[in-house]
Amino acid sequence: MAVSSTKKRIVIRGGRLVDPAQKLDLVTDIYIADGIVLSIGQRPVGFSDDEIIHAEGALVIPGAVDLCAHLREPGSETRGTIYSETRAAAAAGITHIVCTPDTTPVVDSAAIANLIQERAWQTGYCHVYPIGALTRGLEGQQLSEMYALRESGCIGFSQMRMPVRNHRVLLRCLEYAATFDLTVFFQSVDTGLAGNGCAHAGPTATRLGLTGIPSAAETIALSRDLLLVEHTGVRAHFGQLSCARSVELIADAQARGLRVTADVAAHQLFLTDTMMDGFNSVYHVNPPLRTEADRLGLIEGVRSGIITAICSDHQPHEAAAKAAPFAASAPGISAFSTYLPLSYDLVRNGTLSVADWVRRISLHPAQIIGLEAGSVRIGDEANLTVFAPDERWILTDETLFSLGANSPWFGTEIEGRVRATLHDGRISFRL
Amino acid sequence: MMSSRPPQSLQLDANGRLKHFLTTEGLDKTLLTEILDTAESFMEEDGQVVKKAPLLQGCTIANLFFEASTRTRTTFELAAKRLSADVLNININTSSTSKGETLLDMLRNLEAMGSDMFVVRHADSGAANFIAERVTPQVAVINAGDGRHAHPTQAMLDLYTIRKHKGPFEPLTVAIVGDILHSRVARSLLHGLKTLGVGEIRLIGPRTLVPAHFQELGAKIYYRFENGLKDVDVVIMLRLQKERMDSALLPSEDEFYRLYGLTREKLAFAHPNAIVMHPGPINRGVEIESEVADGNRSVILNQVTYGIAVRMAVLSMAAHTRLNTLTARQPSRLEF
């Protein structure tokens, strides 16, 4: 199964187009033919549509660019496949996905990078860009063939949350990446401090008797990574921050002129560690849910622009992976479905303008990975999303396309719904 | 815009009766007192526990121990037998149930064998909750210790001991000493003592073993043993596991004993009538001096006896709730 390859003549009618890259915010019609945006506003002479997408009362925005998703293929196809998860992404309004290298085998060879992109291309729901492993096998000892991986489509390199125990090795990795102006994606964590923890080291974990992960596990590693970034001049992106203090460290680095960007997972802006009460393993995530002060600090970081992007940190799991006592369950949230509705809440509560929201979920992430995306330009391939912010729906097996139902919002009513998604001018999702 | 589901009270039925016993947290003073009073009713005048009561005849209790334990398992078994229940002892190698699904399969099998109650010990915090959320409504779950989270029957027997030997809780100062971080007993005691209105709760130990967050649970933290012991009425010593040295939480047993071991000399700082408790098994010369453990202030062996009565109380109360539920559903069925 794949998206139909025929590129229809489509008109998207009556939506509010918000495209900060072009400073556009207007209710208009968009005309698309052969996958290309032909016209905005004016019906091209002789244009006859095959399909009308009604966007009245909805937003039309550049398709979301998600900087962190675990697609699980190759290696863990019971948890997710490129087909299932890119389809879920399209249903969530995502047109571009950056996927992580911690597959089995690891994305440390051109063959695996190519395999992922070919699968994605065959299914045709989303553009998929792999991150390559920073070290071979993510073992933290030898450099990966970053240049070859870059040639095979890897848009950056990451060690994920696996340790590089010897800082000399990490320094060499960054120097090598800087040689070819490659971007390094950090998920900063000191694995020693994190230990076998499964929850934020705070009052809730203490009370429940769960092993804690202190905030310092993130901030100490982040400080070290920033110093090495400064030392090497490498371009760096810090993903899935969880601590308010981390935002200050990033702000400091940006103020010093470092080429540093950061993102946060949408759920970190809404959930805190107190929700683990009752041991519901759906709240077992890594990095852990932290305190209300951290949550507010992260939101302020998003508002001020220190945190440039919001990602989904999508991590689907099979049911059995969560059917265990908290610490024994697998961490992560199946997050595509709630990515836009959750992040849009920052617009609802006045934290962000609609344009700034679009910047955080589309334009900025596109810029971070060096893509000419995040805008609906005449002459470009149409990658866009029709999102109805006021529409309510329930996340159920029928509305969830991901193989993972591990979402805190599964079974609940959600405000804000994707009506349609266009991927290179083809309808990759439609209600 | 979106709210996630709140945790529900798993332990109580619609009428507020004890359905499962998972933690002392969230149970009110009336219920905790009811447990203590019921335990009292199982005590004979000579200080022994009644030898036979027919309360749980025809009831099958499965002791599911995913973590080794002699004392707790034995006292649960004794308690069940004295209530005339049938007991299945199942020791499970944890490695074979590392996947959640296997654990659930095992529960289904035991349910199919007609177990009415599970007494569960597991190395993961929240394991008893996990099981209670998933058993059929006819089965009651009693937590016999889950990770660092809770050990409610141990806490109840400690509370019983305190009430028995020191009277009402309100004027008392209780100190818990040692490895608080890893102690499910300390957590369960903390909730129980607070609910029963104890005057003051102190936690004593080095910072590596006493997380500051316990202050938010209503305890006073002392790092100096002598200061913390001053005028306390009850001293509860916790067992120190040897692994704590390996994981760099303490330098050595010797240094721990010097600083936090309960010797006669240290005990002199407490109230002259203070009692000494320990959940067992004790490490002589590591957390407590032999002369103190065996001395006239020690009630450590009494605790073991009371443990049987308290477990009888909890088992019979949960069984009673269960029976009421069953008879409400099937009026014809009055037996287990």
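Me: Before we look at the helices, what makes a crossing left-handed or right-handed?
Reply: A crossing is right-handed if the near helix is turned clockwise from the far one by less than a right angle, and left-handed if anticlockwise.

Me: And which is the crossing of H5(B) and H6(B)?
Reply: Right-handed. Keep in mind that this is a predicted model.

Me: At what angle do those two pack?
Reply: About 55°, with the axes 8 Å apart. H5 covers residues 152–166 of chain B, and H6 covers residues 184–195 of chain B.

Me: What does that make them to each other?
Reply: Oblique: angles of 65 to 115 degrees would count as roughly perpendicular and those under 35 as roughly parallel, so H5(B) and H6(B) are oblique to each other.

Me: Which residues meet there?
Reply: From H5(B), B:Pro152, B:Gln154, B:Ala155, B:Asp158, B:Leu159 and B:Ile162. On the H6(B) side they meet B:Val185, B:Ser188, B:Leu189, B:Gly192 and B:Leu193. By class, that contact has seven nonpolar residues, three polar and one charged.

Me: Switching to chain A. How do H4 and H7 cross?
Reply: Helix H4 (residues 167–179) and helix H7 (residues 216–232) of chain A cross at roughly 45°, and their axes come within 10 Å. H4(A) and H7(A) are therefore oblique to each other, and the crossing is right-handed.

Me: Who makes the contact?
Reply: H4(A) brings A:His167, A:Leu170, A:Leu171, A:Leu174, A:Glu175 and A:Ala178. H7(A) brings A:Arg224, A:Asp225, A:Leu228, A:Val229, A:His231 and A:Thr232. The classes are six nonpolar, three polar and three charged.

Me: Now voids. How many cavities of 30 Å³ or more?
Reply: Four. The largest cavity has a volume of about 90 Å³.

Me: What lines the largest one?
Reply: Residues of chain B, including B:Arg71, B:Thr75, B:Gln154, B:His278, B:Ile300 and B:Arg311. H2, H5 and H12 of chain B each supply at least two lining residues, and H12(B) gives the largest share, four residues. By class the lining has four nonpolar, six polar and two charged residues.

Me: And the second largest pocket, what volume?
Reply: About 940 Å³. It has 33 lining residues, and the closest to its centre are B:Glu67, B:Gly147, B:His182, B:Arg184 and B:Gln241.

Me: Which elements give two or more residues to that lining?
Reply: Helix H2 (71–82), H6 and helix H8 (243–246), in chain B.

Notes
Residues are numbered from 1 along each chain as its sequence is written. Chains are lettered from A and ligands numbered from 1 in the order in which they are written. This is a predicted model: local features need pLDDT of at least 70, side-chain atom pairs count only at pLDDT 80 or more; totals for chains, interfaces and linings use all residues. Side-chain values use heavy atoms; hydrogens and water are left out. Axes are lines fitted to C-alpha atoms, for helices over the stretch in contact, and angles run from 0 to 180 degrees between N-to-C directions. Angles under 35 degrees count as roughly parallel, over 145 as roughly antiparallel, 65 to 115 as roughly perpendicular and the rest as oblique. Contact means heavy atoms within 4.5 Å. Ala, Val, Leu, Ile, Met, Phe, Trp, Tyr, Cys and Pro count as nonpolar, Asp, Glu, Lys and Arg as charged, and the others, Gly among them, as polar. On a 1 Å grid over the protein atoms alone, a cavity is a set of points where a 1.4 Å probe fits but cannot get out, and a pocket is an open set with protein on both sides within 12 Å along at least five of seven lines; lining residues have an atom within 4 Å of a point. Grid points are joined across faces, edges and corners, and a volume is the space filled by probe spheres set on the points.
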